Amino acid sequence: MVEWALTTAAGNLIEDGEVVVTTPLRGSALVHTLDLHAALAQAGVRDALVWLKLRVGVEIVTENLVLFTRPKHLKLVDPQLSTTLEANDDGHYTLQVRAEKAALWVWCAAQDGQVKFTDNFFHLRAGETRTVELTPTRPITPAALDAQLIVRSLADTY
């Protein structure tokens with residue numbers, strides 16, 4: 001199943017849909033063509049994003065984002081990122097990153113650089129949350145780690 005959604009750069013839904021597809025194993029094929037001319041004419045290329053997901057059963061196999069202009073020309077707004085950090089029993093941590101508005105190229109870092117992240121530079125649609133596992137390279141308390149965390153997106157760069 002391919003799911004797609006055309007949204008504004010802020011994350012407001014313009015239109016969406018899904019298509020049942022069959023693809024060759026470990027191959028690629030054109031499975032569907034979207035006609036977004038009318039929607040793009042109305043929204044404009046600086047305010048339009050196409051979010052794509054390929055599902056096999058309930059599992060998301062891959063995701064992609066299509067832009068119609070260079071990222072620096074998008075009408076991005078503050079995505080209002082929020083985070084929740086939880087300590088696991090094994091010294092690892094789980095970080096939940098949530099975006100209220102569309103967040104492109106979200107990246108996570110620690111001020112001292114002593115943390116490894118299982119995921120970085122990802123996109124979040126408005127209202128989405130991503131779970132990232134953190135592994136500090138040295139022992140650190142949850143409060144100290146939380147104080148060092150930096151989570152930003154492309155909107156923070158301009």
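Hi everyone. A search of the whole structure, which is a predicted model, turns up six salt bridges. Let me walk you through some of them.

I'll begin with Glu63 and Arg130, whose side chains meet in a salt bridge at 3.4 Å, N to O. Glu63 sits in strand β4, residues 59-67, and Arg130 sits in strand β10, residues 129-136, so this pair ties together parts that are 67 residues apart in sequence.

How open are these two residues, buried or exposed? Glu63 is partly exposed, with a relative accessible area of 40%. Arg130, on the other hand, counts as buried, because its relative accessibility is 17% and the cut-off for buried is under 20%.

Now stay with Arg130 for a moment. Its side chain also meets that of Asp119 in a salt bridge, at 2.7 Å, N to O. Here the link runs from strand β10, where Arg130 lies, to the loop between β8 and β9 (122-124), where Asp119 lies, and the two are 11 residues apart. Asp119 is partly exposed, with a relative accessible area of 23%.

Let's move to another pair. Asp112 forms a salt bridge with Arg138, and their closest N and O atoms are 2.4 Å apart. This one joins two loops: Asp112 is in the loop between β7 (103-110) and β8 (115-117), while Arg138 is in the loop between β10 and α2 (142-148), 26 residues apart. Asp112 counts as partly exposed at 29% relative accessibility, and Arg138 counts as partly exposed at 36%.

How values were computed: Residues are numbered from 1 along each chain as its sequence is written. This is a predicted model: local features need pLDDT of at least 70, side-chain atom pairs count only at pLDDT 80 or more; totals for chains, interfaces and linings use all residues. Side-chain values use heavy atoms; hydrogens and water are left out. A salt bridge is a side-chain nitrogen of Lys or Arg within 4 Å of a carboxyl oxygen of Asp or Glu. Helices (H or I, at least four residues) and strands (E, at least two) are DSSP runs, numbered from the N terminus. Buried means under 20% relative accessible area, exposed over 50%, partly exposed in between (1.4 Å probe, protein chains only).
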